[in-house]
Structure formats: C-alpha cells, structure tokens
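Hi everyone, thanks for coming. Please have a look at the chain on the screen, and then I'll walk you through a few places in it.

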Amino acid sequence: MQFVENISLGMWRWLSMSVILVGISIQLHAQTSYFVSPAGNDKNKGTEKSPLKSIKAAQYKAREQKGEVTVYLRGGEYRIDKALVFNPLDGNKDKRLTLCAYPGENVVVSGGVLLKLQWQPYKHGIMQAKVPPKTTIDMLTVNGKIRSMARYPNYDSTAVRFNGTSADATSPERVKTWKNPAGGFLHAMHVSDWGDFHYRITGKDEKGELKMEGGWQNNRPYGLSKDNRMVENIFEELDAPGEWYYDNNEAILYYYPVSGEDVAKSTFEVSQLKHLVELRGTEQEPVSNITIKNIEFTQTARTFMEKYEPLLRSDWTIYRGGAIVFEGTENCSLTGCYLHNLGGNAVFFSNYNRYSGVSSLHITQVGASAVCFVGDPNAVRSAVFNYDVYGSYDQIDRQQGPKSNNYPAECFVRDNLIHTIGLFEKQITGVELSMSKSITVSHNSIYDVPRAGINVSEGTWGGHIIEYNDVFETVKETGDHGSFNSWGRDRYWHPDREKMNKFTAQESSLMLADVTSTIIIRNNRFRCDRGWDIDLDDGASNYHIYNNLCLNGGIKLREGFNRVVENNILINNTFHPHVWFENSGDVFTRNIVMQPYKPINLSGWGAMVDYNIFTTSHALSEAKNQGVDKHSIACVVEFQDAVHGNFAVRSTINSVFRIGFQNFEMDKFGVLSPDLKRIAKTPKITSPQILDENVSANIVEWQGWRIKSLETLGERSATGMDSERGVYVLSIADSYNKLKEILRVNDVILKFEKKTVNNLSDLQNATNQADLSKPIEMVVFRNQKEVVIKIPGANFNSTSIK
C-alpha cells in the first residue's frame with residue numbers, strides 16, 4: 001500500500017496501461033511463432049529451421065491464428081517497397097501479435113533502395129553515374145550518412161539556421177546563373193522566427209523570376225525572412241564536397257565526394273517511402289494488442305511538400321504521417337526500436353488511439369518531429385484554424401469537451417532518447433500534443449532541436465502529464481519559444497485583447513471549455529538558451545507546474561487562466577508574467593527566484609503571488625513595490641552540489657523550508673533504460689549567479705503615454721515582434737491625452753511619418769522633423785501585424801519626450 005501511495009500519478013497511469021497490455025482479458029491459446037529471414041523463402045512453413053523471407057508472408061500466416069502470435073525477424077536487412085499495414089485482422093480482442101527481432105540479432109527495416117552505380121568523372125572533382133529510370137531521389141545517404149543536395153549557401157555545421165542561410169539565395173543576380181532551376185527548393189525562416197516555409201521551384205517566368213509553389217507549412221503566413229534563406233537541388237550550386245544533384249530528365253546522379261571517400265566502395269541509398277509501418281483501424285473496429293519491438297527503422301522520404309493541415313489556431317501546420325503511423329489502435333506499442341535517417345516525422349498517432357504508446361526508442365537524424373499525437377479537428381467544438389480568424393462570441397458552442405472520441409487519449413511516451421531532429425523542417429518538436437487528452441510524457445531525454453522539445457498546440461483537451469523529462473539545447477534555429485511551449489488559442493481566445501478581456505469577464509465558464517482537465521508539468525529539468533525554459537504562450541490555461549528545475553530561461557506565462565506555478569527552482573532567471581487578465585486566477589508561490597520579476601502589461605496579478613524565495617533583496621523589494629509577495633523572503637540559498645547539477649537546497653537553510661519550499665528529486669530526469677542512459681547527453685550546468693540588478697527601464701512619457709525602446713526578449717514575445725526594435729507603448733500616463741483612442745497598450749511604434757523608428761531616439765528625431773499641425777501617419781505593430789494609423793493634425797501636444 002505504501003508503494004501505491006508514493007507512486008506518481010504519471011507512473012501509475014503508465015503502469016495501468018502496461019497491466020492492460022499484459023493482462024487483457026482474452027482467452028490465450030498456446031503461443032504460435034513464425035520466423036522470417038532474409039535468406040528464407042515465402043514458400044517455407046515459417047519455422048525456425050524453415051523461415052519465411054518476407055514480413056508480409058508472416059503477417060498473412062499469423063492472421064490464421066488466435067491467441068498469442070510472435071513473428072521473429074532474424075538478423076539482416078528487410079527492404080520494403082510498400083508500407084507494412086496492420087489492421088484488425090492482425091491484432092484484436094482475440095489475438096495478440098508481437099513483431100520483433102530475434103534475440104541478440106540486429107534487424108533493419110528500410111524504405112530505401114540501394115543504388116548500384118558505375119561512376120565516371122564529370123569535372124572539378126564531381127562524379128556522375130546513370131540511375132535506373134523512374135527512381136525517385138529526394139534524400140540520399142552515403143555510407144549511412146545523409147548528404148546535402150547541391151545548395152547555396154554551402155553546408156556549414158556551425159551556422160544557426162538550415163546549416164547556412166543567405167539574403168542573396170534568391171537574388172536576381174544569382175537566379176540568372178541557373179539554367180533550369182525547376183525541381184529546386186527554397187527553404188526560408190519565418191520573418192519572426194516562428195518556424196519556416198518551403199517552396200518547390202517550378203521554373204522561371206518570362207522576366208527570369210522564379211516560379212514557385214508551397215508555403216503551406218506554417219500557420220502564421222506573415223512572410224519570409226529576407227536574410228535566412230537557403231536554396232537546394234540547383235545544379236549550378238554543386239560546388240562543395242558532400243553535395244549531390246540528380247538530373248531527373250537524364251537519370252544522372254552527380255556527386256562531389258568528401259575527402260578520402262572512394263565512391264566505388266561506398267554505399268548509396270535513396271529513400272522511396274513516406275511510411276514504413278501503419279497500424280490502421282477505427283474506434284468501432286480498432287487494431288488491438290500489437291507490439292513492435294527491438295527493430296531498426298530507417299530511410300523514409302522527406303514530406304515537407306506533402307499536404308499539410310493547420311493544427312487549429314496554433315502556429316503549426318503538419319503532415320499527418322510518419323515512418324510509423326498509429327490510427328484507430330488500442331493497446332498497441334512500439335518499444336526498444338531505433339529510428340533514424342527519416343525524412344519526415346518518426347512516429348505519428350492520428351485520430352482515435354487508446355492506451356497505445358512508445359517506449360525505450362532512440363530517435364535521431366529525423367527530418368521533422370519525433371512523436372506526434374494529433375486528433376480529428378471535427379471533434380473540436382467551434383474549431384477555428386488561423387490566428388487571425390475568429391467567430392462571433394454569440395455563435396460559440398457552449399458545451400464543454402469534444403464532439404466525438406476521434407482523438408488520442410490515455411497514451412504514453414516513456415523512456416525515449418530523442419535528439420538531432422528537425423533536419424529539414426523547423427516548426428517541429430520532440431513530442432507534439434494536439435487535439436488529444438491525457439497523454440503521459442515521462443522520462444524522455446530530448447535535445448538538439450530547432451524549436452520546442454515538447455509542444456502543446458492548444459488546450460484541447462488537457463489532462464496531460466509531463467514529468468521527469470530532460471529537455472535542453474532547444475529553440476536552436478527559431479525564436480520566441482521555450483524548451484516546453486504551449487498555446488491555448490481555444491474557442492474563448494481572440495487576437496483583440498479588449499474584446500477577449502470583456503468576454504472572459506462576462507462568461508468565465510468558456511475559459512476551460514476545451515482544456516477540460518489540468519495539464520501537469522512536474523519533476524522535469526529544462527534548459528533553453530534562446531528563450532524560456534517553460535513558455536505558456538497565448539491563452540494557455542489550466543496548468544499545474546511544480547517541482548521543475550529550470551536551468552536558464554525561467555518561466556513565462558502569457559495571458560491565460562488557472563495556472564498554478566509552485567515549488568520550482570529558476571536558476572539565474574525569474575518569472576515572466578505577460579499581459580495577464582485581471583481575473584486570471586493564476587498562482588505563483590514557493591518558487592526560488594534569482595532575478596526581479598519581468599512583468600509586461602498586466603491587468604492584475606492573479607489570485608496569489610506570494611511566499612516565494614528571492615536570492616536578492618532588491619528583487620524582493622521590486623516585487624513588493626508591485627503589490628505582491630507580501631510574505632516572501634530574500635535570503636542566501638545554498639545548494640547541495642550545484643556544480644554537478646544537484647540543486648537541492650541544503651538542509652541548513654531553514655528559512656527556505658519554513659516558507660513551504662520542499663526539495664525534489666534531482667537524479668530522475670531523462671531516460672531510464674541503461675543502453676539509452678549510457679549514450680544520452682545531459683544539459684550544461686551553469687553556476688548560480690546572484691545578481692542584484694537595479695537597471696533603469698528607461699521609461700519615458702510621450703503624448704500622454706508611457707513608452708520605452710523595445711529591447712528585451714520578453715517585450716518581443718509579449719508584442720509578437722520579429723526582433724528587438726521599435727518603441728513599446730506601455731501604459732497611459734495622462735487619461736486626457738489626444739491619442740487615447742488612437743494608440744493602444746502593447747502597440748509598437750515602427751514608423752513616424754515614413755521615418756523608421758527603432759528606438760526612443762529615432763522617435764524623438766522623427767517627431768522633431770514632422771509638421772505636427774498636419775495629418776500624421778504612423779505604422780504600429782498591433783495584434784501581431786503592422787497597422788497604418790492616420791492621425792488628424794493638431795493632435796500632438798508638443799514634440800518633446802520627457
């Protein structure tokens with residue numbers, strides 16, 4: 001009984017699922033086994049001494065059996081030309097199927113084709129070879145390593161984005177040098193670093209300009225970065241070792257070998273399939289009780305130009321597929337497998353799934369996301385699919401929860417090593433949760449990713465448990481994000497804050513109509529060096545965040561409701577409350593904080609911000625001046641072994657424990673399996689820096705408004721700006737000012753009378769040079785887009801900024 005009392009809810013949920021997997025009430029017959037070998041024959045019986053050759057043949061034989069059936073794959077490669085599809089005939093209430101490697105042998109299932117090439121010199125060190133007709137070449141590996149298409153700029157492992165970008169990637173001068181760029185690709189970051197875009201080049205028009213198709217891979221289509229662009233699959237750009245180009249019309253592969261590489265002795269492999277394994281059923285007739293374990297899966301094609309769909313009003317669109325696809329499953333699992341060199345997503349749970357999951361996987365060298373759970377948008381009430389699109393509040397469905405069961409629920413992602421993903425796409429994550437419920441994400445090590453390690457796209461439908469994960473080296477190629485990120489642009493949410501404020505004050509019941517169960521984030525270790533450790537962005541509501549070690553980026557809560565943040569340690573950072581509602585109901589208590597809070601445009605401080613531990617008296621003093629932390633303390637906090645990552649507070653620091661803080665486990669983060677633990681990295685540990693900051697925010701008054709230069713990451717996130725520039729409108733200083741109905745809190749002034757405004761000095765100069773007696777034009781950034789404002793003449797009091 002003591003065990004039951006002490007076990008975590010997430011672990012209990014996972015163990016319950018395991019019990020269901022092991023002890024499901026079916027009448028088990030004597031176990032049946034079939035054997036498959038690359039040296040076998042499909043005319044054989046499938047015994048150990050007379051094995052079959054193909055997995056498909058074993059699948060058909062297994063369908064004839066009931067009870068427990070195991071298909072053992074003997075060591076070697078199994079190259080498939082079509083995805084292996086399992087349906088309810090393969091696993092159901094009367095049958096449990098296990099597909100696994102023979103003990104102690106290495107099994108590879110590949111969607112790639114080996115190229116047998118006769119290489120000839122081309123020129124400048126480049127080799128060429130004829131390829132069999134109708135061969136699709138989109139992702140090429142040489143000796144097991146993914147090689148780059150001919151690209152500009154050339155591959156640079158030290159570059160931040162796309163391994164190298166340049167503003168002149170699509171300049172007219174460069175495009176002129178391309179004889180026939182059709183079939184090439186343009187990859188570009190979002191103008192605000194919120195992911196990326198991809199285009200296929202279809203040719204040139206009569207003016208010599210590029211014709212392209214694409215751009216559907218991002219749900220915030222506000223434009224491409226002018227600087228961060230890369231083109232590939234352009235023959236004229238084949239100029240660096242490791243690059244290749246395939247002339248589809250002539251069926252010729254060109255390759256520039258790396259130093260010391262003998263192409264005659266090298267293995268060339270190209271991916272042909274988007275999916276390797278599919279488990280496909282329905283809620284009414286699910287695929288049940290199938291386990292796939294201890295198999296290496298590799299070689300799938302890139303999917304960024306496939307059909308994408310928006311994940312409601314999040315920043316994401318997504319390809320609904322992956323190397324392994326679960327749809328309509330119950331009690332199915334993928335465990336102990338190695339997934340690598342994949343062009344798109346690794347594992348995808350689509351629509352109805354119950355009690356299924358993945359465990360003890362090693363996922364790396366993946367083009368997009370590692371593990372995704374995405375439900376059916378038709379199950380969402382009052383579903384909206386774009387940030388800037390919203391319905392009338394009068395027409396919103398008031399009933400709570402989903403309309404159907406067609407979504408993943410009670411599933412698990414446990415003990416997985418996920419790293420070096422997002423090779424080709426940047427709006428990706430280690431674990432994605434969208435339109436799903438009660439997914440347990442526990443004991444995963446996730447690092448080296450371009451965006452979040454774990455992402456929750458919206459509130460639908462909550463109940464997730466995120467625990468004991470080790471998430472770091474995140475947001476490496478993007479911005480305005482966190483190691484953990486979430487949005488909550490649910491049916492109550494509106495991009496116009498004034499309308500949303502009024503509505504939520506009048507009808508609070510809808511705030512949790514989609515996120516019907518609390519999302520728990522606990523006992524994790526996060527580190528983000530380009531954003532926040534934990535980032536609850538637009539509207540994210542109904543969270544309980546406790547016992548987390550945040551190593552660098554602090555915790556940010558943008559507007560939302562019912563968030564409880566307690567007993568966390570924020571190393572060298574602080575709490576970032578942004579644009580809170582007056583009635584948010586938020587709680588921030590018993591946390592260790594090392595810097596002053598960084599609030600931005602709060603209408604209120606929630607239900608309680610108190611009983612916290614500050615490491616500097618100045619930070620506590622600032623908090624009290626803001627009307628919070630009446631009972632909080634400031635003291636020296638000594639950790640047991642911070643140098644080696646043990647940030648448990650020494651037992652001698654009595655004041656910390658008297659206020660209610662409790663130590664939590666510091667040695668349970670990340671993967672559990674010994675084989676994974678041995679190779680998993682851990683985050684960089686930075687010694688605590690006790691900073692007694694007292695830096696002026698340089699807030700000034702102008703035209704009855706308090707303003708300042710926009711200069712911090714927090715201000716950028718709060719406004720949605722693409723960079724730290726412009727003049728940030730903080731609050732009204734004079735309620736009778738003439739611009740009261742023109743400017744708004746949270747505006748960013750970008751231009752004044754056609755003059756660019758990057759800071760207060762620019763605004764002062766532009767104001768001085770303008771004729772304020774005449775109509776004035778300003779450009780401001782409002783609700784995450786540029787708005788032109790026309791101001792009648794004689795509405796300015798003076799030119800001065802005070």
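Which residues do ring pairs link into a cluster? They are Phe-575, Trp-580, Phe-588, Tyr-597, Trp-605 and Phe-614. Rings of Phe, Tyr and Trp (its six-membered ring) pair here if their centres lie within 6.5 Å; planes under 30 degrees apart count as stacked, over 60 as edge-to-face and the rest as tilted.

A word on where this comes from: it is a predicted model, where local features need pLDDT of at least 70 and side-chain atom pairs count only at pLDDT 80 or more, while totals for chains, interfaces and linings use all residues. Residues are numbered from 1 along each chain as its sequence is written, and side-chain values use heavy atoms, with hydrogens and water left out.

Back to the rings. By the pairing rule, the count comes to 30 aromatic pairs. Take Trp-194 and Tyr-222: their ring centres are 6.3 Å apart and their planes are at 65 degrees, so this pair is edge-to-face. It links distant parts of the chain, 28 residues apart, with Trp-194 in the loop between strands S14 (185-190) and S15 (196-204) and Tyr-222 in the loop between strands S16 (210-214) and S17 (224-232). Strands (E, at least two residues) and helices (H or I, at least four) are DSSP runs, numbered from the N terminus.

Are these two buried or partly exposed? Trp-194 is buried, at 2% relative accessible area, whereas Tyr-222 is partly exposed, at 26%. Buried means under 20% relative accessible area, exposed over 50%, and partly exposed in between (1.4 Å probe, protein chains only).

Now compare Phe-326 and Phe-349: the centres of their rings are 4.3 Å apart and the planes are at 15 degrees, so this pair is stacked. Phe-326 belongs to strand S27 (residues 324-330) and Phe-349 to strand S30 (residues 347-354). Both of these Phe residues are buried.

Next, the inside. The largest nonpolar core has 89 residues, and among those with the most contacts inside it are Phe-297, Leu-334 and Tyr-597. A nonpolar core is a set of buried Ala, Val, Leu, Ile, Met, Phe, Trp, Tyr and Cys residues joined through side-chain atoms within 4.5 Å. Helix H3 (residues 55-62) gives the largest share of this core, four residues. There is also a second, separate core of 25 residues, which includes Leu-115, Met-127, Val-142 and Met-149.

Let's turn to His-275. Where is His-275 found? It is in the loop between strand S20 (268-271) and strand S21 (277-280). With 11% relative accessibility, His-275 counts as buried. Its side chain makes polar contacts with the side chains of Glu-278, at 2.7 Å, and Tyr-319, at 3.0 Å. A polar contact is a pair of N or O atoms within 3.5 Å; within protein, one must be able to donate a hydrogen and the other to accept it, and residues adjacent in sequence count only if both atoms are side-chain atoms.

Last stop, strand S37 (residues 431-434). Val-431 and Leu-433 point one way from S37, Glu-432 and Ser-434 point the other way, and all are buried. Strand S33 (residues 371-374) runs parallel to S37, joined by four bridges; two strands pair if DSSP finds at least two bridges between them. S37 also pairs with strand S40 (residues 454-456), in the parallel sense, over three bridges. In S40, Val-456 is the bridge partner of Leu-433.
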